[in-house]
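Have a look at the picture before reading on.

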Amino acid sequence: MVNQGVEDFVKSPITKVLGLTLVAFSFFYLGQHWSDGDQQLVFFNNQQQQSDTPSVAISPNANKTEPPPSHPPKPPPVIAEKFGIIDENGVMAENFEVGEFDPDLLDKFRNMDMSIVKTDNVSASAVDIGKYPFCSEDMREYIPCLDNVEELKKLESTDRGQKFERHCPGKDSGLNCLIPPPKDYKTPIPWPKSRDEVWFSNVPHSRLVDDKGGQNWIERDNDKFKFPGGGTQFIHGADKYLDQIAQMVPEIAFGNHTRVVLDVGCGVASFGAFLLSRNVTTLSIAPKDVHENQIQFALERGVPAMVAAFATRRLLYPSQAFELIHCSRCRINWTRDDGIYLLEVNRMLRGGGYFAWAAQPVYKHELPLQEQWKEMEDLTTRLCWELVKKEGYVAIWRKPSNNSCYMGREAGTRPPLCDLNDDPDNVWYVDMKACISRLPDNAYGTNITTWPSRLNNTPDRLHSIRLDSQISRGELYKAANGYWKNIVTSYVHVYHWEKKPFRNVMDMRAGFGGYAAALIELGMNYWIMNVVPVSGPNTLPVIYDRGLIGVMHDWCEPFDTYPRTYDLLNANRLLSTEQKRCNVSTIMLEMDRILRPGGTAYILDSVNLMDEVQAVAKAIGWRTNPRDTSEGPHANWKLLICEKSL
């Protein structure tokens, strides 16, 4: 009877319910207290519990002293640097949305002190940097690599213009102060009025007026310099001179076939200033010589220009960059040293491009000048250049479009062709060579379309750029263009760039030139210097094939321009890229040197670097406005807008 009773009790429903309850309680107890020591069972993890009050999650191993597991942690994924936007599979997307800024939030920021605005991931300043002092007054036009007196004293020879080339300060003797503006510096006169007049107080040097006043270059009118538009060889004005060239060789076709021009020994750059109205971008260059402020005048006017000299090294522009190279009394002996300077012109001149020379040997009949003309004729013939037209003050030659004439010359003809392994686009501290740069057999660089279609056509030379990428260059190019079109459109509309007096703009890490192309498509009245850092792929040929201008540069060294040159600097991931090679402060001090008072720098970079960037900006004296990118507050990138006070 007892056994039968026990059996009935075990089989009863009540007993089954009690048994299931006991089993559940056992699992609960084991889950809470008898886990394997690495982690509680997942459904008992505190992180899964909902609570109205925030709590701090503590690691289960916080109080344990066991050694870590023997296997190493999984390494972080290697992300190859690319231009544009990639998806989760690493494939470049051609169509994507960047997102929008919040205009209402921007309006609130405008009324605040931007030096104290912070985003969630950017602290006020975890890095403490003392405020930089001003440099001495005698440095207000200081160009570090061109005014290095100590290095210039060490030169063994200066007969080829070595003193006009780069001789940069050592790593520990670079700029560590802020270049002061001239006394009574004023906000520059806006473009297009600045083409014809600038404030005297901004470039307070009258030597050019004294030396060139009778040649219609420049004149002083009370508190302004005025530029009548003349030049040594075009005293009747640049417009009439340009008309003459266009009539001499209609195939030049300014603004159509000819889009990018180099003006050598440019004076105050009136040639380039008046070509702008014909849809031609002219890079005006001159050395910092006895007329040392001519480039400074050009930049103050809002005309594309930089300091450069024909001396011993290649100029910092790629092969086949310019459709026209112009020299008007530029004081260069083109035939010296086996014609090495004209060979450098030949390297930079596009296949089928033109060289225009306005000088006394073209039109004067004195014996020494006629001998110079004969030497020029002989050299250009050996270069396979065709004398297309000689009229008045000007002679115009055309470079061949392929290598057939070079290959057909008699054996031993000088100058020889350059070696097959010579890279004509390799320009950073590379000596000029007394040889003829070969044109690509596939006609890359020669077969370009006309302006403006070439701005967005895919250049042939894109396919010759050395890129470490696993997908097609065409996809990278299209994606980069789309990316910058969206970003720049947001910048222009949200930050009201149409109301800002921007004119001289620099993209400090230009890639394929998408930033500049987007500004042009939006109709912004700027000119853009595209800088290609030596630390990355050399995309300069693509930039020029698009009808843009640019230069090779190492941002661990100063740039070849005067202080107070640019109104707007775009630094896209530049600082995080170069910080392995030089200090962030080195680059930002150079940015301050070349930025005009009242100018703006847009720095888009790693969130991990922003504390240091903001600290340096504060030490420089910039007003800063940290912003989230369109990816949101938890993205890896932040935008810092910096304004240099007047």
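## Cysteines tucked away

C642 has a relative accessible area of 1%, so this cysteine is buried. C266 is buried too, with a value of 9%. Keep in mind that you're looking at a predicted model.

## Counting the bridges

So what is a disulfide, anyway? A disulfide is a covalent bond that links the sulfur atoms of two cysteines. Going by sulfur atoms within 2.5 Å of each other, the count here comes to six disulfides.

How are the bonded cysteines paired up along the protein chain? If you number them in sequence order, the pairing reads 1-4, 2-3, 5-6, 7-8, 9-10, 11-12.

Start with C135 and C177, which form a disulfide with their sulfur atoms 1.9 Å apart. C135 sits in the loop between α3 (103-110) and α4 (149-153), while C177 sits in the loop between α4 and β1 (197-199), so the pair ties together parts that are 42 residues apart in sequence. The torsion about their S-S bond is about 105 degrees, which means that this disulfide is right-handed. C135 has 8% relative accessibility, so it counts as buried; C177 counts as buried as well, at 14%.

Next come C327 and C330, another disulfide, with sulfur atoms 1.9 Å apart. Is this one left-handed or right-handed? The torsion about the S-S bond of C327 and C330 is about -85 degrees, so the disulfide is left-handed. C327 has a relative accessible area of 0% and is buried, and C330 counts as buried at 11%.

Then there's the disulfide joining C418 to C435, at 2.0 Å from S to S. Both of these cysteines lie in the loop between α12 (404-407) and α13 (473-494), 17 residues apart. The S-S torsion of C418 and C435 is about 90 degrees, so this disulfide is right-handed. C418 and C435 are both buried.

## Two helices crossing

Now for the helices. The axes of α17 (residues 584-594) and α18 (residues 610-620) come within 10 Å and cross at roughly 40 degrees. That angle makes α17 oblique to α18, and the crossing is right-handed.

Which residues meet there? On the α17 side you'll find V584, S585, M588, L589 and D592, and these meet E612, V613, V616, A617 and I620 in α18. Sorted by class, the contact of α17 with α18 has seven nonpolar, one polar and two charged residues.

Note on methods: Residues are numbered from 1 along each chain as its sequence is written. This is a predicted model: local features need pLDDT of at least 70, side-chain atom pairs count only at pLDDT 80 or more; totals for chains, interfaces and linings use all residues. Side-chain values use heavy atoms; hydrogens and water are left out. Axes are lines fitted to C-alpha atoms, for helices over the stretch in contact, and angles run from 0 to 180 degrees between N-to-C directions. Helices (H or I, at least four residues) and strands (E, at least two) are DSSP runs, numbered from the N terminus. Angles under 35 degrees count as roughly parallel, over 145 as roughly antiparallel, 65 to 115 as roughly perpendicular and the rest as oblique. A crossing is left-handed if the near helix is turned anticlockwise from the far one by less than a right angle, and right-handed if clockwise. Contact means heavy atoms within 4.5 Å. Ala, Val, Leu, Ile, Met, Phe, Trp, Tyr, Cys and Pro count as nonpolar, Asp, Glu, Lys and Arg as charged, and the others, Gly among them, as polar. Buried means under 20% relative accessible area, exposed over 50%, partly exposed in between (1.4 Å probe, protein chains only).
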